[in-house]
Protein chains: 4
Amino acid sequence: MAKPAIFDFISPLDYRYYGSIPEIKDYLSESSFIVYLGKFEASLAKCLARRKLCPDSVAAEIEKASRAVSAEEVYEEEERIRHNIRALANTIRKKVSDEAKPYVHLSATSHDAICSADAARFRDFANKSLIKVLLSLESTLIKIAMQEKATLQIGRTHGQHAEPITFGFAVAQYVSRLGKRILLIQKTANDLRGKLAGAVGAYNAPSLIIKDSEAFEEEVLAELGIKPSPISTQVVEAEYMADFVHAVISCFGVLANISDDMRHLQRSEISEIREQFGNDQVGSSTMPHKMNPINFENVKSMWKEFMPRMSTLYLDQISEHQRDLTNSASSRFVPEILAALYLSAARLDKTLSKIEVNSSALKKNFDSGKDMITAEPLYVLLSSKGHPDAHEHARKLSLKSREIKESIYSLAMKDKELEPYMKKLTKEQLEILKSPEKYTGIAEKKTVSICEEWEEKIKDISV
Amino acid sequence: MAKPAIFDFISPLDYRYYGSIPEIKDYLSESSFIVYLGKFEASLAKCLARRKLCPDSVAAEIEKASRAVSAEEVYEEEERIRHNIRALANTIRKKVSDEAKPYVHLSATSHDAICSADAARFRDFANKSLIKVLLSLESTLIKIAMQEKATLQIGRTHGQHAEPITFGFAVAQYVSRLGKRILLIQKTANDLRGKLAGAVGAYNAPSLIIKDSEAFEEEVLAELGIKPSPISTQVVEAEYMADFVHAVISCFGVLANISDDMRHLQRSEISEIREQFGNDQVGSSTMPHKMNPINFENVKSMWKEFMPRMSTLYLDQISEHQRDLTNSASSRFVPEILAALYLSAARLDKTLSKIEVNSSALKKNFDSGKDMITAEPLYVLLSSKGHPDAHEHARKLSLKSREIKESIYSLAMKDKELEPYMKKLTKEQLEILKSPEKYTGIAEKKTVSICEEWEEKIKDISV
Amino acid sequence: MAKPAIFDFISPLDYRYYGSIPEIKDYLSESSFIVYLGKFEASLAKCLARRKLCPDSVAAEIEKASRAVSAEEVYEEEERIRHNIRALANTIRKKVSDEAKPYVHLSATSHDAICSADAARFRDFANKSLIKVLLSLESTLIKIAMQEKATLQIGRTHGQHAEPITFGFAVAQYVSRLGKRILLIQKTANDLRGKLAGAVGAYNAPSLIIKDSEAFEEEVLAELGIKPSPISTQVVEAEYMADFVHAVISCFGVLANISDDMRHLQRSEISEIREQFGNDQVGSSTMPHKMNPINFENVKSMWKEFMPRMSTLYLDQISEHQRDLTNSASSRFVPEILAALYLSAARLDKTLSKIEVNSSALKKNFDSGKDMITAEPLYVLLSSKGHPDAHEHARKLSLKSREIKESIYSLAMKDKELEPYMKKLTKEQLEILKSPEKYTGIAEKKTVSICEEWEEKIKDISV
Amino acid sequence: MAKPAIFDFISPLDYRYYGSIPEIKDYLSESSFIVYLGKFEASLAKCLARRKLCPDSVAAEIEKASRAVSAEEVYEEEERIRHNIRALANTIRKKVSDEAKPYVHLSATSHDAICSADAARFRDFANKSLIKVLLSLESTLIKIAMQEKATLQIGRTHGQHAEPITFGFAVAQYVSRLGKRILLIQKTANDLRGKLAGAVGAYNAPSLIIKDSEAFEEEVLAELGIKPSPISTQVVEAEYMADFVHAVISCFGVLANISDDMRHLQRSEISEIREQFGNDQVGSSTMPHKMNPINFENVKSMWKEFMPRMSTLYLDQISEHQRDLTNSASSRFVPEILAALYLSAARLDKTLSKIEVNSSALKKNFDSGKDMITAEPLYVLLSSKGHPDAHEHARKLSLKSREIKESIYSLAMKDKELEPYMKKLTKEQLEILKSPEKYTGIAEKKTVSICEEWEEKIKDISV
């Protein structure tokens, strides 16, 4: 196989977004896969020796050889024999003495190695790369939420001004949602399973030479830090991987939602936040003045590309009998999903950590519709004082307010029918009717409690 | 709205597969939704009274009225005012005294009611209907696995005869996979959340009249048996529902895999199992002799229809700011997914509980390829005794065996080169080489341990 | 099967959105399916008689009986024999003389009837219902585009103000896109195919009694207005249906895009358009003042529900050998997709035909950023006059303009370095730099030409 | 950006399946994209010169520079300014004289270049690579179909033996289905569109310096062999690409179906066909005797990976106003889908061109169930002679036949009740009842006509 230059490739993850960073390459590249396969073969030999099925020296030889194997060698041998794991075994065998040769891959089937290597590297990737970047993003969100916990913002539903919140409160929603996704990724990654149960899962081969083949399986996998599938066919039960990828994809959805919100808050007419823009940065090849939310857009776009791939995992739940191989090529693409979330999280973290919050725009937008806000608290307070038709009354006042451009509060104060109820209101309640900016409920308090909760929780994760 | 006859409908779930059974209708129909919305409104009134915000008599009135509301009434009012929850509130208001009117729906926003009602009814559906039928299916699988735990079957990978297992072992795989899906459905259903946090999630309205609005929310939801979302916008955090539906969809995948396996085992050439066929049943409108696996096919087909709908849940994770309404219509279709899994599980359970296992076909199929099976144990045993190139040697013997139609075992016994290694084999090991039907590893033992484990676990679920 | 009331159903299409309107029910309900199956059986009998394989009187009897069959009868018989098309045949047979009985369904297999009935009713639905409502929507779009062809609007890319267009030009984009989708729906609907090729597609049964079974097939299907699949298994080639549903789904995407645009233009801060709001209409159960774009939101939400279902069609392309039945249940849901597009198109048409365009908001939004617009024409004009680095120069002027709040035009006019180039500009070109509202390119002209083109084209469709 | 070795990459398309073959790289790699962008810039300059907007020598300079640009240079410049097309323009500018600099990219916006380059390279890829390999596969299918046009095979529905066909007839189905997909790919590829309509589609910039900007657009695109979008925003109407990818994905579905059928026909119990197996090829790392249908499995698996990606295209139909950029990253992955179909088609072609058809297995399988086949022709013939209840009669005979192991034919001949009808049958009809292998309808004739039709049609495509 020729070695094309980077731009001769066709996957944007390879030529554009990835850049071969170690955080990804060490777990998700084909080289890393070969490394983890080697680790499996080394563990197997080690445990065979422990059971006196081969000499310790043989295990040591195999371990060393397994570590020395390169992807290039394996692919060359595969070219010849058309079977990738047998190619791996042969490559290791070439590097050991004749005495050691028989014990390479002994009693294992290809997918013992493949399933176990994938489980181990994805779990490592989650713990050592993915969760780290997600935690950094979580910290950034907490920081913004706390900084803006009291920054008044008009809450928006249906794209329409609704009731007041604070900008920190809006961000706190994401602190909570992202936090829980991180926990789920961690949980499902740490529950990925391997196997050493043979070609049809019944431990046919291992049982030939080992009495307690289930215990042996546990032992070999423990070397990789993973546990066995409760029962296997040729492959591990499919749901461990499906649950993990669901955690990843649904986490991606949270990132996409953050990005969409931020994009819209950056709309020219809203301008409440803005992506930082470099001095040399060009916004458009033709409109020199443009400053676009390209990073938020990129995250949303990556989500569009990767979200649908969950279907492939569901399709791969179905495998005929003790397995058909129609999940082989498709499962090779799972690392792409993981890399994409990593890259998008890193990008979003970097972008958010530098966003500019425009407080005058926040105030201007709030003020533009603040007169209408009074409709809800007015209706609720009137009802609580026994007005039998407060919602309808408030609705009509709001139409009138719109028409004659007078505030609902002012109209309500003049409204004879409302007088008996208005009199019963406390000073504090009247104050809210008069000053809608005070009608933020417990937005600030909630922001703080959510952020504090997650600051604690992520400490546990980091440890 | 006119009331069309059942066959004037367009959803197969309504006119064909559903049949209006109470197990589904009581939780997933539009009527049931109105019932649960009524429960929410009743709980709210009850808790308002508990806080002395309205008299007990008012709460009692509202509770009674909420229970009396019918879907027809609500839809009629909605026709007029174009808002379904305000229509519900109005309908309740019509049924209570003027004194009680102001307290109907007081401080709540529509999606306080909707999110909470959906969480409560889906959790109830899971616990009272769905998990029951899944447990029944699980029991059926356990029964088959235990009955067939020692029934020799050729394991198949790539559709090719591989190594021996037992039919019970093949089924035990599904015992384990389905069991874990049931646990996940239970867990995620019981973690569905409600809310009473107002239009933008900051408890703006409730805080006007209640000091501890978060505690109040907990109290109201406790009446429905659910907990609040840690933080809300207008709606509950989207991931609770996404996790639940992922559990449902991935469970569906297990059912589809079972069905596919059974379909293929019923192929004319394999005939190891068969769906029971009624005396009056017709297999084909033109081929009077056909006996088709139509129930297995139906389950697979339903999975094809419903699996892609997970994407809708992922799409609905994204909602702008404090919410846009583009998840409103789509979320109304979630009950269909739940109903479909229920129906498919019930169908599969019924079908499996009557399958006929054809032991002579199992034997015939096994025997047809049994000579080749020896290749694997021969290679493993030779290696374990130090043969440096056993895999290649066994591969060549298998080619020769195919060519000259002599068993691998017989060829190996005559092979001079192998003699030194063969001599080292135990009697038991030689026996396996000679009698491939003994080469089932720990299939039977594993079947029993998996089944016993899940028999225990489902007892806990049932309790 | 009991007949539940409408709200005991679980499909929103049945209990909420559909309302049993004839435009849908007559083609997409289960009753309509039975009607079309009856038409197939009648055509078959008619053509048998034409070939003298049965008397004309027998064909007449069967035709009459086929028309009289009700869904209820068929389902009752199916309950007994577990086969829906044999049930249909039996139901017809019960209504005819003993002489006619043998000729009912003679030589046909179930899926001859099913495939042909589905093709015929979907084609009729497309031509008689769906395309009509889509053409009405197209006319509404054309009307808006022409009305607003000269209404200045700021073009938006990345949510940021970009260059000027007209609102009519923005709408014309949809005139073109929707128009082409209508043509594709028409084309693919009219190319749906039927079959009368027997259980495995080789005309085994028909060839027993008819010499030219392919000609016979054409003849029978011509009665239903459709053509045969070039070659069949038990079913028609799957791609005809996949192409048709792709046309439908991609048309749905255009509607979703329109809806999204309109939702955003209705944002409080933008307010360029607004859904009409009824006098009695309630916007929120708690915020009496809200006026939400609920219809645009509904269309987007329906798209989210139905778009992923295209995957089911792709899954159903795969059918084993001469067919497995795993596409049977799933294909029953195709009518839902068609109904959903119909309903969304009707809703969007109604909503758009009453939108209010707010010209003062359009102007206000345009003016707010108009100073920056000059950057692009300045760069282009300077370049065209030979300035070697105009893009960078314009970019810097735009940064300065932002900083010192002076228009780019004014800065450019004072810029010594630019003087030699500015002097070469025509009066018209300078005018554009000064008055950005004139920088609309050919927006108006293009709007007119697109609208006129499609007004012509839809005439041809309507005919 | 560092240049990692091939196995440091994460996309299987890059490190495993692709192998950098020119048929893919020349159109789908990032390098190729830069080449096509350069072609666009060259065409633009050429047409500017033609309109006398710049000297011919300037256009020649730009053309030469555009051809000399490398991906590396562009990425380096993008690193600095964060905008890929401006980076391209700058890179070209660096290579030309000061006089030429202003005319590089003049009047164009980034997506004028991007949309046009993608349209041109995908169309070229379709015509010069993809369709070629698909036509080769089509020829292989035709060859097999013609070779096996008379090879008796039992038709299978529901995995059950149904009625007889020929193996060639089964393959002819794919000749027809694949043929039509090729035509659709060709049609939609040749209808991909470009644009030169500026940042918001209204030709704002080009109209500044060119009177007939639509004609100018046509001219520039004609140089690339493509036509303009009828109307654009910042981007071309999304449906051209969606239709093209639908053609590609639905073609992939046909390949997956072929592969599934072949896999199943290779099942150990069926063995009617077999993938060729190399002498050195290893089937399993542990089962030396295995010969697996790995190529058919691979094609199915690739389809599982790529089919769901159609959803991304549907998601990308939605772009806000004159465009948001959330389709930018996602659209970069479209080349992967195209490459995957190419690779799978090539693999399937190679595999099918060497399959071994096992005629003795075909005969054995047919014979095993041939007695039951008579049920259908018996029912049809009895009905055609006026038997009033032939289907039910035949069904019962088939049950009896199964029970007492006597052929249906023999039972029918002895059946007194049937005698009057049997007597009316022609000799030929009786012969079919007696010899089910003759009951193949027009399978052979149809095979020939389908193959001849497509042999003609593909000649036209090739030209």
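These are my notebook entries on a predicted model, covering single chains, pairs of chains and a few residues.

**Conventions.** I number residues from 1 along each chain as its sequence is written, and I letter chains from A and number ligands from 1 in the order in which they are written.

**Entry 1: chain A as a whole.** I began with the secondary structure and found 22 helices and six strands in chain A, where helices (H or I, at least four residues) and strands (E, at least two) are DSSP runs numbered from the N terminus. For the overall dimensions I noted that the C-alpha atoms of chain A fill a box of roughly 100 × 55 × 40 Å along the principal axes. The radius of gyration of chain A is 30 Å, while a compact globule of 463 residues would have one near 23 Å; the radius is taken over C-alpha atoms, and the globule rule is 2.2 Å times the number of residues to the power 0.38.

I then looked up burial, and 69% of the 463 residues of chain A count as buried. The term means that 20 or more other C-beta atoms lie within 10 Å of the residue's own, with 12 or fewer for exposed, partly exposed in between, and C-beta atoms placed from the backbone. Among contacts in chain A between residues at least 6 apart in sequence, 74% join residues at least 24 apart, a contact being two C-beta atoms, placed from the backbone, within 7 Å.

**Entry 2: domains of chain A.** The domain assignment, which is automatic or from a database, divides chain A into domain 1 (17-106), domain 2 (123-195 + 235-279 + 287-362) and domain 3 (374-438). I recorded 76 Å between the C-alpha centres of domain 1 and domain 3 of chain A.

**Entry 3: chains A and B.** The same surface serves both copies, since 100% of the contact residues of chain A recur in chain B.

The contact itself takes 83 residues from chain A and 83 residues from chain B. On the side of chain A that touches chain B, helix 11 (residues 239-265) of chain A gives the most, with twelve residues. That side of chain A divides into 37 nonpolar, 30 polar and 16 charged residues, counting Ala, Val, Leu, Ile, Met, Phe, Trp, Tyr, Cys and Pro as nonpolar, Asp, Glu, Lys and Arg as charged, and the others, Gly among them, as polar.

**Entry 4: chains C and D.** In the contact, 84 residues of chain C meet 84 residues of chain D, and helix 11 (residues 239-265) of chain C supplies the largest share of the chain C side, twelve residues. By class, I counted 38 nonpolar, 30 polar and 16 charged residues on the side of chain C that touches chain D.

Entry 5: Five bridges join strand 1 to strand 2 (residues 160-166) of chain B in an antiparallel arrangement, and pairing requires at least two DSSP bridges. B:Arg156 has B:His161 in strand 2 as its bridge partner. The two strands of chain B form a hairpin with two residues between them, and B:His158 in the turn has a positive phi of about 60°.

**Entry 6: single residues.** A:His105, in the loop between helix 6 (84-94) and helix 7 (110-147) of chain A, has a positive phi of about 65° although it is not a glycine. A:His105 counts as buried, with 26 C-beta neighbours inside 10 Å.

Lastly I looked at B:Phe244 in helix 11 (residues 239-265) of chain B, which is buried with 26 other C-beta atoms within 10 Å. Leaving aside neighbours within four places in sequence, B:Phe244 is in contact with B:Phe122, B:Thr188, B:Ala189 and B:Leu192.

Note on methods: Predicted model: local features only at pLDDT ≥ 70, side-chain atom pairs only at ≥ 80, totals over all residues.
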